[in-house]
Amino acid sequence: MNMQITIIVPTYNRKMTLLRTLQSIERQTVKDFFCIIVDDGSTDGTKQMIEEMRNELSFDFDYFYKENGGVLSARLFAIERAKTELIMPIDSDDELTEDAVEVCLKTWNSLSSEDKKKYYGLKCLCRDYETNKVLVGFFPDDINTCSYRRYFKADAHGERIFISRRDVFLQQHREYLLLMKEANSHFVPEGILHLKYQLQYRYYCINKVIRIYHREDPNSLSRSPMSKESCRISYFAHTYILKHFFPNEKLPLKLYFQQALYAIKFGLLLNYRMTTIFHDVGNTHNRVVLTLCLPFGIGNYLLGRKIVEQNTQ
């Protein structure tokens with residue numbers, strides 16, 4: 001069987017929720033996929049649980065254990081070992097709908113070879129488990145044909161699921177590894193390079209829910225409460241995006257102002273002088289936008305300061 005898609009599942013101390021994820025993969029209506037599970041240093045008996053389940057799961061999978069390095073390093077570890085055209089990453093506390101693989105393969109295979117080169121992959125919707133509502137909302141009907149600026153404006157931030165071409169996804173995650181070294185952290189926000197690559201490729205968007213989002217699990221590879229360290233990483237991300245990707249005629253002005261506002265907020269939370277923040281955002285255009293956002297950035301800083309103080313007490 002010539003498989004086209006690999007489901008990759010990074011996990012860390014999520015033995016019970018990982019069980020739910022694997023059961024959702026087991027229920028897929030189409031079995032034309034492979035699965036790679038990367039255990040990022042779990043200490044909760046994840047390995048034993050998977051070995052006990054191995055005979056109960058009908059799909060092919062590999063399990064790897066590695067030293068803890070964060071979600072991006074775990075995902076890169078899996079991508080490097082995958083051999084399929086497409087990669088479907090899923091968090092180890094979420095579920096896939098029963099037809100997730102079927103929907104993705106049917107859609108991807110309906111595209112021409114030229115379109116497959118143009119698109120980064122597929123983007124589908126997520127549903128909240130508790131509220132049963134589609135997160136962020138549906139895509140506009142013309143999302144796959146509209147202008148780049150409208151594409152970015154219509155594709156609101158929030159939970160989605162991305163099924164990406166392995167060749168581009170691998171390149172992106174190798175760049176993440178370099179960014180993590182530059183930021184001196186196991187974690188950098190995925191939006192940094194996600195924005196860069198979406199300026200080169202668009203995702204083909206599908207108004208179909210294929211991921212069920214759960215909120216109850218505290219052991220996350222990518223989420224943390226606001227602290228001095230998370231402020232440092234957020235500041236790195238927003239100033240990096242401003243310096244490298246703005247101004248850009250493809251991107252909506254709203255996104256431009258958001259990046260500037262958050263650069264001010266997190267810079268002030270780190271006790272940086274405004275002269276330092278102005279220097280870190282790079283060119284003159286960015287400094288003008290930073291000046292316009294200053295009152296709003298200071299307001300956000302004052303709200304954020306209370307949260308940071310509570311988390312450092």
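Across the whole of this predicted model, a search finds 19 salt bridges. One of them brings together the side chains of Arg211 and Asp91, with a nitrogen-to-oxygen distance of 3.5 Å. This pair links distant parts of the chain, since Arg211 belongs to strand β8 (residues 202-213) while Asp91 sits in the loop between β4 (86-89) and β5, 120 residues apart.

Elsewhere, salt bridges that share partners join Asp91, Asp94, Glu159 and Arg211 into one network.

The strand that carries Arg211, β8, is part of an open sheet of eight strands, which follow one another in the order β3-β2-β1-β4-β7-β6-β8-β5 with mixed pairing. Strands β3 (61-65) and β5 (95-96) stand at the edges with a single partner strand each, so one side of each is left without a neighbour in the sheet. Within the sheet, strand β1 (residues 5-11) and strand β2 (residues 34-39) pair in the parallel sense over six bridges, and Val9 stands opposite Ile37 in β2.

Taken as a whole, the secondary structure of the protein chain comes to 12 helices and eight strands. The radius of gyration of the chain is 20 Å, which agrees with the value near 20 Å that a compact globule of 313 residues would have. Along the principal axes, the C-alpha atoms fill a box of roughly 60 × 50 × 35 Å, and 53% of the 313 residues count as buried.

How many disulfides does a search of the whole structure find? The search finds zero. Cys124 is in no disulfide, and the nearest cysteine sulfur, that of Cys104, is 4.5 Å away; such a pair would have to lie within 2.5 Å to be counted as a disulfide. Cys124 counts as buried because its relative accessibility is 0%. For Cys146, the closest cysteine sulfur is that of Cys205, and the distance of 8.4 Å is too far for a bond. Cys146 is buried as well, with a relative accessible area of 9%.

On the surface, Leu253, Phe257, Val288 and Leu292 form a nonpolar patch, and together they present about 360 Å² of accessible area. The elements that contribute two or more residues to this patch are α10 (253-269) and α12 (284-311). Leu292, one of the patch residues, lies in helix α12. At 52% relative accessibility, Leu292 counts as exposed, because the cut-off for that class is over 50%.

Methods. Residues numbered from 1 in each chain as written. Predicted model: local features only at pLDDT ≥ 70, side-chain atom pairs only at ≥ 80, totals over all residues. Heavy atoms only, no water. Patch = residues over 30% accessible without salt bridge, like charges linked within 9 Å, V, L, I, M, F, W, Y side chains within 5 Å. Areas by Shrake-Rupley, 256 points an atom, 1.4 Å probe, with all protein chains shown as cover. Salt bridge = Lys/Arg side-chain N within 4 Å of Asp/Glu carboxyl O. Helix = DSSP H or I, 4+ residues; strand = E, 2+ residues; numbered from the N terminus. Buried < 20%, exposed > 50% of the residue type's maximum accessible area, 1.4 Å probe, protein only. Pairing = 2+ DSSP bridges. Rg over C-alpha atoms; globule rule 2.2 N^0.38 Å.
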